[in-house]
Amino acid sequence: MFSLVAAVTWNGSQRQRHSSCRHHSSDPHQLYIPNCTRSSSDFFSCKFMAVPYHSSSFVFVFTLICALGVSLGFNSTSDLDDSLVYLWPLPSEFTFGEDVLAVDPDLSLAVGGDGGNSDIVREAFLRYRGIIFKHSTRFSKFRGRSMYDISKIRIIVHSDSEVLQLGVDESYSLLVAKNDDHSIIGEATIEANTVYGALRGLETFSQLCAFDYGTKTVQVYNAPWYIQDKPRFVYRGLMLDTSRHYLPIDVIKHVIESMSYAKLNVLHWHIIDEQSFPLEVPTYPKLWKGAYTKWERYTVEDAYDIVKTGKVKKNAFSRQFCFLVHISLVCLDLKLRQNESCSSFMAGINVMAEIDIPGHAESWGTGYPDLWPSPSCREPLDVSKEFTFDMVSGILTAYGASSAIVSKDHPLAYVLASYCKDMRKIFPFELFHLGGDEVNTDCWNSTPHVQQWLQDHNMTPKEAYQYFVLRAQEIAISKNWAPVNWEETFNTFATNLNPRTVIHNWLGPGVCPKAVAKGFRCIYSNQGVWYLDHLDVPWDGFYNAEPLEGINSASEQELVLGGEVCMWSEVADTSNVLQTIWPRAAAAAGMQ
Amino acid sequence: MGKIVKSFCFLVFFGVLVEGLNIWPMPNSVNHGHQIMYLSNDFALKSDGSKYNDASGILKDAFSRLLDVIEVDHVIDSNFSHFDPMAILHGIHVIVWSQNDELQYGVDESYKLSIPSHGTQVYAHIEAQTVYGVLHGLQTFSQLCRFNLTNRAIEVHQVPWYIIDQPRFFYRGLLIDTSRHYLPLPIIKNVIDSMTYAKLNVLHWHIVDTQSFPLEIPSFPKLWNGAYSISERYTMADAAEIVSYAQRRGISVLAEIDVPGHALSWGTGYPSLWPSKDCQQPLDVSKEFTFKVIDGILSDFSKTFKYRFVHLGGDEVNTSCWTETPHIRKWLRQHGLDTSGAYQYFVLRAQKIALSHGYEIINWEETFNDFGSKLSRKTVVHNWLGGGVAEKVVAAGLRCIVSNQDKWYLDHLDAPWEGFYMNEPLTNITNHQQQKLILGGEVCMWGEHIDASDIEQTIWPRAAAAAERLWSAYDNLAKDPSQVFGRLAHFRCLLNQRGVAAAPLVGPGRVAPEEPGSCYKQ
């Protein structure tokens, strides 16, 4: 288990070689490679140039570019080399120079544009200031001498819309340069169309900052920096599984925070499986009896809080930080932000919820045994009962028709109803995962009443599986969710799936090409390379995986939303989930 | 206080005998009832009647941390109109008798905690000599609180509570090693936070060793050239921040330089500290410069590390470099010393330097084993090689810290928590005066195979097993560790909920969970 830590270590020089010479391709026939030229005496300019991708020329080009990199100072030594570009994932375009800029510990924020005055921007700024100034700068050589090159970060956000959805504009530009003659105060400038682009820009800025132990200040090396960046894929996911082992809320928030460092943007929350049902469902209050214990559960408010966050873990850092800089008003404000709208995600990370039906749902029956085909044969969910589909519908609604009843029994319903009426609002992301994998229909065959139902409806178990999945899809679609299903549904009855379905690959390579050829959207999670619970897959295996492999036409490539690394939790819990995710998830993030 | 006590129906329990009492480590004496109180929405701290004015905010901050750990990130949103107003607990009333908040070895850590079972505008009470006793009381209080996921309130079950508590040993340590792997500052702070949950009170910071020298030493600014990389370093201001962070949580920081044996990295900045370029360890005993550097380090230390003790190491000294290097061989001859004499000379001279800076000394046990009678009487001998050392040390009238590696080395990944729990520092020491010479014990997290990615689960929950041994009264300790499995598993889950990556109990030592399941059963 723990040996993976050793297996995935690397040194800085290797990392650099990969990041500078890696293809960033939206077309598999082309390699996008950084072409760095010395455009003036102190500027390097790197652009990703399209180079024909043929296996014969690949090695040559790769070697050439690496050699070029070495000649430009990307050489590897055992020590960390200040001239390297330590950014992960590597931005799509950047130029840099040779200046060293000192960053003021009292770094302030200036905002502009219609969306600049957003809480999301303000909170992110505070969060990143805490990250950037980890070391004490009390003894900085510049302290009190107003000699800092960067005293202010200016964030310009053009759109005031904070809607976070699939395909939201995450692009940004970042300029970090010394103050010129026109301005007294040095600035870094981030410009983005949305607040979420600004968040990505802040992350990049934080990675340019390094504490210098000589001057005891935070510095930006290789300035001036000019970076223009946008993601290659709109869906860059990480899956967490809270059924095999419960993950405390603090841990989930910690994972969300760490995702933002690698610019991942979707947390796929595999909430429930056969082992336990940790989530409260107010319309069916016995469902979470399927939790491991009464402590290993999430209330709907907890779920809302997790999603809303993308909010950042309330860690000691930010609190202490707030205290230190006397911005208690801001902190207080953050504490009181319970009433904000459901769609504001503080870290720019969508949460895609999953209920994996009908195959991985045994725990549902702890509270409602009728959902089992029989007490001795408990999975998949009983396809023959209307109650099963009422339940699915109830979960996807939560505070729907029955909210009046709920509020009578439940003192909280009215509170909740005021900010979050139903599951659709708790999980505002447009995708909802309905699972559908590994359905073993033996229980349907061996249970008399289900068998009878199959006969009455003239269905084989396989057809009943299709019937179940399609019916669940209809429910999700009726709530305005686009359904995501694991690939077995596509492999078994592709043509009948709702055209809005997103196919989630996992079994192996070659599925997304088939799915997009049929016009479906696809998420790539090939278990051979992107399953984090496969402890023996090294980080370069994650890095080398290519979601667009085997897909040639641009229109089909567009249907690949992106990819996702999956942290299945059979043998992972709070004690080892973080190091099982990182750094391998970052390698995959680099591909996305 | 008197009224509260009178209203108790006295049911006296001692922890290990009681089902469902989930406090770790078990307090000295515990009385409780069977009712429930609910924490008020505006749960408050008050301290009227205290002599302590909390000018430094230690208490205020501790209270704010308390609120965080009892919420464990759940959304607390209860409707109090549904609860009996007489069952609402409005806050904690803290009384601290001493104005002094200097944290030092032997500081009074005792406290009394009482929680009433009903009343109007009632508060829990914590009474302690020092603010550090209060911190422990708050930790105990936090473990009595549970968030109820059904009614969304934080509940205190089994009220009324009346707890009287104090540690069995003054020294309850955890060693971290930032030389074999650098530990970033937030990681060290997380370790400190987690120590408070188990009432450990000394962070033994093994800063420097053969492999790297991460700390800035202003007197000899090239020493940290021995760091692994430019970013894997601590400024002295960072060290001061760690000390202050720990002190505000009731934890002392014991700094160590391990001389002369584990000091190769010193020579990266000052190669003349090596016997020679090809034979780099131990430090060159023949040069005055060696002791000048030690003096500079300890002089810098004394401004930041205010604990009474400094650790001077002294273990595993292989003197072959001294005999192989001509100029040292010559020096040995001139001074009539053999290598073991030179080792003794080195250790004793380093001790004198430490004493001159106002420190008492801790040395690893080899120094005692080899020349115990020569050691300064202010020496504390730090056991590690095995059992049976402590009894010899105290028989010789010296003080001792117990860390026998077979039971209390956390880097022994196959050492199970049961062994950590059962390791008794006073084994074979019956004389009361000699028992008092055992300052306590320490679990050691050596960093050869441990870094930021896995330090937490290698420390926890096994360090907690030792923590109860070091805190709880001997008579409250289980004679069979299986009796405390459920309570320790509960504490491990509590650590998980607070974001500490504590490993499962089930399995041989530190392991990943074997299969899906509840935290409470693994």
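**Exercise 1. Determine how many positive and negative side chains chain B has and how far apart the centres of the two sets lie.**

Solution. Begin with the counting rule: Lys and Arg are positive, Asp and Glu are negative, and His and the chain ends are not counted. Each charge is placed at NZ of Lys, CZ of Arg, CG of Asp or CD of Glu. In this predicted model, chain B then has 44 positive and 55 negative side chains. The centres of the two sets lie 6 Å apart.

The model is predicted, so local features need pLDDT of at least 70 and side-chain atom pairs pLDDT 80 or more, while totals for chains, interfaces and linings use all residues. Residues are numbered from 1 along each chain as its sequence is written, chains are lettered from A and ligands numbered from 1 in the order in which they are written, and side-chain values use heavy atoms, without hydrogens and water.

**Exercise 2. Describe the overall dimensions and surface of chain B.**

Solution. First, the C-alpha atoms fill a box of roughly 85 × 50 × 45 Å along the principal axes. Next, apply the globule rule, 2.2 Å times the number of residues to the power 0.38, with the radius of gyration taken over C-alpha atoms. For 522 residues the rule gives a radius near 24 Å, and chain B agrees because its value is 24 Å. Chain B exposes about 18,100 Å², of which carbon and sulfur atoms supply 52%; the area comes from the Shrake-Rupley method with a 1.4 Å probe. Finally, 65% of the 522 residues are buried (buried is under 20% relative accessible area, exposed over 50%, partly exposed in between; 1.4 Å probe, protein chains only).

**Exercise 3. Identify the residues with the most contacts inside the largest nonpolar core.**

Solution. A nonpolar core is a set of buried Ala, Val, Leu, Ile, Met, Phe, Trp, Tyr and Cys residues joined through side-chain atoms within 4.5 Å. The largest has 154 residues, and those with the most contacts inside it are Trp225(A), Trp266(B), Phe301(B) and Trp460(B). Helix α10 (residues 339-356) of chain B gives the most to this core, eight residues; helices here are DSSP runs of H or I with at least four residues, strands are runs of E with at least two, and both are numbered from the N terminus. Apart from this core lies another, of 101 residues, including Ile306(A) and Phe542(A).

Leaving aside neighbours within four places in sequence, the contacts (heavy atoms within 4.5 Å) of Phe301(B) include Ile207(B), Met236(B) and Tyr359(B).
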